[in-house]
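Hi,

Here's the structure I promised to pass on. Have a look first, then read on for what turned up.

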Protein chains: 2
Amino acid sequence: MKPVFLTPGPSELYFTVEDHIRQALKENACAISHRSKAFEAYYKTAVDNVRALLNVPESYHIVFTASATEVWERLIQNCVENQTYHLVNGSFSKRFYEFSGMLGKNAIKLEKPLGEGFTADEIDVPTDTEMLCITQNETSTGVSVPVEEIYALRKKYPECLIAIDAVSSVPYLDIDFNKIDSLFFSVQKGMGMPAGLGVWIFNERCVSKATTLTEKQIPTGTYHSIESLLEKAVNNQTPETPNVLGIYVLGKVCEDMLRRGVDVIRQETNYKAALINYLYNEHPMFSHAVANETHRSKTVLVGEVKGMPASELIAKVKEHGIVIGSGYGKNKATQIRIANFPTHSKEVFEKLVDVLNEMK
Amino acid sequence: MKPVFLTPGPSELYFTVEDHIRQALKENACAISHRSKAFEAYYKTAVDNVRALLNVPESYHIVFTASATEVWERLIQNCVENQTYHLVNGSFSKRFYEFSGMLGKNAIKLEKPLGEGFTADEIDVPTDTEMLCITQNETSTGVSVPVEEIYALRKKYPECLIAIDAVSSVPYLDIDFNKIDSLFFSVQKGMGMPAGLGVWIFNERCVSKATTLTEKQIPTGTYHSIESLLEKAVNNQTPETPNVLGIYVLGKVCEDMLRRGVDVIRQETNYKAALINYLYNEHPMFSHAVANETHRSKTVLVGEVKGMPASELIAKVKEHGIVIGSGYGKNKATQIRIANFPTHSKEVFEKLVDVLNEMK
């Protein structure tokens, strides 16, 4: 039997994906022109359904890139002339910070030890900072930034663009887009899709910043500049031949999730998180990797393993047909990461708890 | 019945693709980590098989991007400080040229009317040019640059990097890599795959140019700089979570083509091209869009339509289950483009000829 992947991305495919791929091939979705009406319909469906699922205001643009990694680059290229500020507490937030430096910007960071989170009152963003970069869900450590802290930062720094990396929290994350300027994610995590597609959402403040840079003759890139992306997006097209299959499947998976109801998905996520959090609290072999409860991610549940190497535990769990993730980087030996995405059923979580309890 | 797409990309999928996708899903190719041994094996298979299929020397690197469009940007970013030279005779070569300007380089072009090609002796590349950019097969007009002209340019300008856009000629194109520095393509044309993956081949001269730029503190990008790509490629990995499914399928399709034999594929391509060229010569409704026979592409066969709008002809052909491409841009009303890729069988070409002959 195929094992179930509870790894934090790539992860188990959403259970409808295989059918959607089959249907896409039947419809010749991969053979049609990306300038055809048929493609435009796929594009529009994907954008409309992402908008509905995440409650994105009509005034915000939704475009596609190849990955969330690409969005780090495009965001800074298009919306920053001189200076960014980053909350860094893990590998992905650190890389976002490093990208800014590589692109020749003055990148400032507030760095916390792995496993620790941030509150708005301890953050002091220097004036002249153009973008505040927040990894809302640090996949490497399982630390989340609560939306209330983000809203407080918005109040504190109304002039600064706020960019949210929500790679592993979408669609669970319930955020008020009016209090942020950009949000992005890749589809191989919470959306349960094959990797190779990034979704980038941004508002008119980002657009006008890009326009300002262009007026100052600062290069903002080529085919994936905001200007070039929007020029095609207005016709439901992309500048390049894109991952058409990915865009097709994204529209369908969002539709499936809308039918199930995003509230139901969020409730189930909470239930599954509670199961694992209880285990991390009570089970003698585990403890929480994230000490502060308010900073614990609900979608990437990270535990410290005691009494055996994490790799041994992961191997034992795998014998039961469940693949859980290892700790990231230097935490590989001692931590596990359990993804809690919409495709992961309550039943598989209950089975995982049983398996782990039997090891007591 | 599903129609057959003879459009010049996206095009009909290679006939084994659907099976490979099914097998990939069975193997959990989309759920595994892109840092796992299983992914490294997919990566290595794809690189090894591309190398074998196109006869790429061992010393040349093969890496993956999201599209050939992306390679235009990355090539210029990584290998050019000041100046590029472009042969422009259609929409794609023009866009490659424009990218260089957008990236702040001094982009020089030799422009020819649509449908015309180039010979080495008429090309005068200014000194200080770092890269000569050649769209070997201009998909928009069906004009090819013969490899002999490219080799002559190499002799004429040995110091200049030569970059070859072979988007719609791979794997038909038989080129000596030792006489060029970089070649790239996307997989939705000759390889018959779903779009969303670019293949970028380059040599050590490109690498050392990128190193020079870095030493001069000229930004070469972030995750898809040559440096970052090679840092991961050495371990058969990618900097970001890539289009894993695409990489998997690419390895398999190359294997299928190797089994069939690239020589057989090239011979069949010549045969199918001869059928259409005969038709463009003899059929009263057609003439060649590319007057000079030596500059006519064998993989994108472009014809002028007489006596009816091209759209009407395309619609009539479609009634017989064959979708041919329209002319590109301003040639849409008067031209057709017929793709001649490995997945397109001799039988479908013979049927197309019959259909068109019945319209006489």
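Let's start with the cover over one helix: the buried residues of H2(A) are covered by elements that include strand E2 (61–65), strand E10 (198–202) and H8 of chain A. Keep in mind that this is a predicted model.

Which residues of H2(A) are buried? They are Phe39(A), Tyr42(A), Tyr43(A), Ala46(A), Val47(A), Asn49(A), Val50(A) and Leu54(A). Just past H2(A), Asn55(A) has a positive phi of about 60 degrees.

Now the domains. Chain A is assigned domain 1 (4–11 + 261–357) and domain 2 (17–259), with C-alpha centres 26 Å apart. Their contact uses 28 residues from domain 1 of chain A and 24 residues from domain 2 of chain A. On the domain 1 side, helix H9 (262–282) and strand E12 (300–305) of chain A each give two or more residues, and H9(A) gives the most, with four. By class, that side has 13 nonpolar, eleven polar and four charged residues.

Finally, the chain contact: 39 residues come from chain A and 39 residues from chain B. On the chain A side, the elements giving two or more residues are helices H1 (17–26), H3 (68–79), H4 (91–102) and H8 (244–260). The residues on that side divide into 19 nonpolar, 15 polar and five charged.

Cheers

Key. Residues are numbered from 1 along each chain as its sequence is written. Chains are lettered from A and ligands numbered from 1 in the order in which they are written. This is a predicted model: local features need pLDDT of at least 70, side-chain atom pairs count only at pLDDT 80 or more; totals for chains, interfaces and linings use all residues. Domain bounds come from an automatic or database domain assignment. Two residues are in contact if their C-beta atoms, placed from the backbone, lie within 7 Å. Ala, Val, Leu, Ile, Met, Phe, Trp, Tyr, Cys and Pro count as nonpolar, Asp, Glu, Lys and Arg as charged, and the others, Gly among them, as polar. A residue is buried if 20 or more other C-beta atoms lie within 10 Å of its own, exposed if 12 or fewer, and partly exposed in between; C-beta atoms are placed from the backbone.
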